[in-house]
Amino acid sequence: MLGADMVLAVSPLVREIRPLVMTHAAASPAVETDRALLERVARGDERALGQLYDRYGAPLYAVAYRIAGEPADAEEIVLEALSQAWREAARFQADKGSVAAWLTMICRSRALDLVRARGRRAKLADKAVAADPEAVPGLGTGTPDSDSQVAQAERAGRVADALASLSPPQRQAIELAYYEGLSHSEIAERLNEPLGTIKTRVRLAMQKLRETLRPYYFEATG
Amino acid sequence: MTPAIPDSVRELAAGYALGALTPGEAREFETAMRDSPELALEVTEYRELNALLALRPGPRPEGRLRDRLVDRIGTAKVVPLAAARSRTTPWLGVLAAAAVVLAGGLALRIRTLTEQLDQTKHELGASERQLARREETLNTLLSAQAELTVVQLKATGDNAPGIQFFWNRRANTAVAQAFRLPPAPKGKAYQLWVMQNGKPVPGPVFVPETDGRALILTFVLPAGGIQAAAVTVEPEGGSTTPTMPIVLFGQVAGT
């Protein structure tokens, strides 16, 4: 999944680091940016939505699967999320983040809607990986360009490194909050720890991940 | 001068982006975020982080999911009524442009005409797709046969906004038509909810056209039936539970 969108306004630090990711896009002028694809989607171009699916379908499915815990539910969540993107593409606000972030937000929202409406929780996050030992980081089911795959794999590697750098309790908190979609209070209940402790732990873990992974955002913020 | 934001609220940013807050905390944070570009930026950053965290290795979907997506969007577009009307006569503009070209005979105008023609072809294609979606909507209504339930979602007052909600009990799908809705506040959108056993189940997020109307095309309802439907104003991405007061409500007859 290459976030081919270009950098807008970035801090000097980020500007210094970002060429690592931008190189792929710069070397592949034929790669259409996410934003350009979304503009085509807004005009009713179904093929453009298919291309976005090729880039983001697999990661979105993995997120949905971890939260919902069932393949059929995960498929429905992805379909609902991308259908929503199809309906609302014209309202996408580029100044509020990347297309990847927007799609992820919609997908997680739909997944949380589902599990909370049903009053049940997803399975342990590790189940998702165990269910498919051949899982590949973030590769789409279509035929995205090879530069996209390279950049996507690079990002996935950085994410794995960043998660590994967290303390075990912090990593567990992120597993539950992000990958299982539990609320702070649900995490506290599951771990039998004070709510305040959990809130602080999640916050510090997210801050650390943010600092570590900021150079690899799909689109810089600032 | 922007009021100082308490640390207790500022510290909710990560939890808000994760969807880990209680509805009350989320409301408090959104209120603070409205007046704080700094907080809004922080949430934007965390959402970028969320997109990266999605890259963690996981199971892959079946290949047919892509085909199902294409099928699904054929019936799921919110059709802007005003825009659809404006596209019904796109060729008139081209003909007018053609007359200018013929009169002037300028190469520059010919190039402009060609570009307009391409644009018009594109718009014509979009109109045809919209027509197909409307046919799908009609099919949704007609296929219900005797099992079509119409729910009127209303607000109080004269000339108040409303929604006609058509529930196809056979397929457990619905379409809805909104009218006289005022524009949603900046950064907000309307969200449809259905009530099942006393609990709100989130539905599509939508915004009305400038004339206050919107068509919300076929969407799937939760299994087990519904007793009512409602509309609230929510953040653009939609909410998991209603965070704002109900603006429209309608009960299914006989429930």
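The largest share of the lining of the second largest pocket, 8 residues, is contributed by α5(A). The model is a predicted one, in which local features require pLDDT of at least 70 and side-chain atom pairs count only at pLDDT 80 or more, while totals for chains, interfaces and linings use all residues. Residues are numbered from 1 along each chain as its sequence is written, chains are lettered from A and ligands numbered from 1 in the order in which they are written, and side-chain values use heavy atoms, with hydrogens and water left out.

A pocket is defined on a 1 Å grid over the protein atoms alone, as an open set of points where a 1.4 Å probe fits, with protein on both sides within 12 Å along at least five of seven lines; its lining residues have an atom within 4 Å of a point. The second largest pocket holds about 720 Å³ of space, the volume being the space filled by probe spheres set on grid points that are joined across faces, edges and corners. Its lining consists of 30 residues, and those nearest the centre are Leu114(A), Val201(B), Pro202(B), Val220(B) and Pro222(B). Two or more lining residues come from each of α5 (71–88) and α6 (99–118) of chain A and β4 (188–196), β5 (199–206) and β6 (214–220) of chain B. Helices (H or I, at least four residues) and strands (E, at least two) are DSSP runs, numbered from the N terminus. By class, the lining has 15 nonpolar, 6 polar and 9 charged residues; Ala, Val, Leu, Ile, Met, Phe, Trp, Tyr, Cys and Pro count as nonpolar, Asp, Glu, Lys and Arg as charged, and the others, Gly among them, as polar.

Helix α6 of chain A also contains Ser109(A). This residue is buried, at a relative accessible area of 14%, where buried means under 20%, exposed over 50% and partly exposed in between (1.4 Å probe, protein chains only). Ser109(A) touches Gly237(B) and Thr240(B), leaving aside residues up to four places away in sequence; contact means heavy atoms within 4.5 Å.

Helix α4 (residues 46–68) of chain A has 23 residues, yet its end C-alpha atoms are only 27 Å apart, short of the 33 Å that a straight helix would reach at 1.5 Å a residue. The expected span is 1.5 Å times one less than the number of residues. A kink of about 55 degrees lies at Tyr56(A), shortly before the proline Pro59(A); the bend is the angle between axes fitted to the seven residues ending at a residue and the seven starting there. In α4(A), 20 of the 23 residues are buried.
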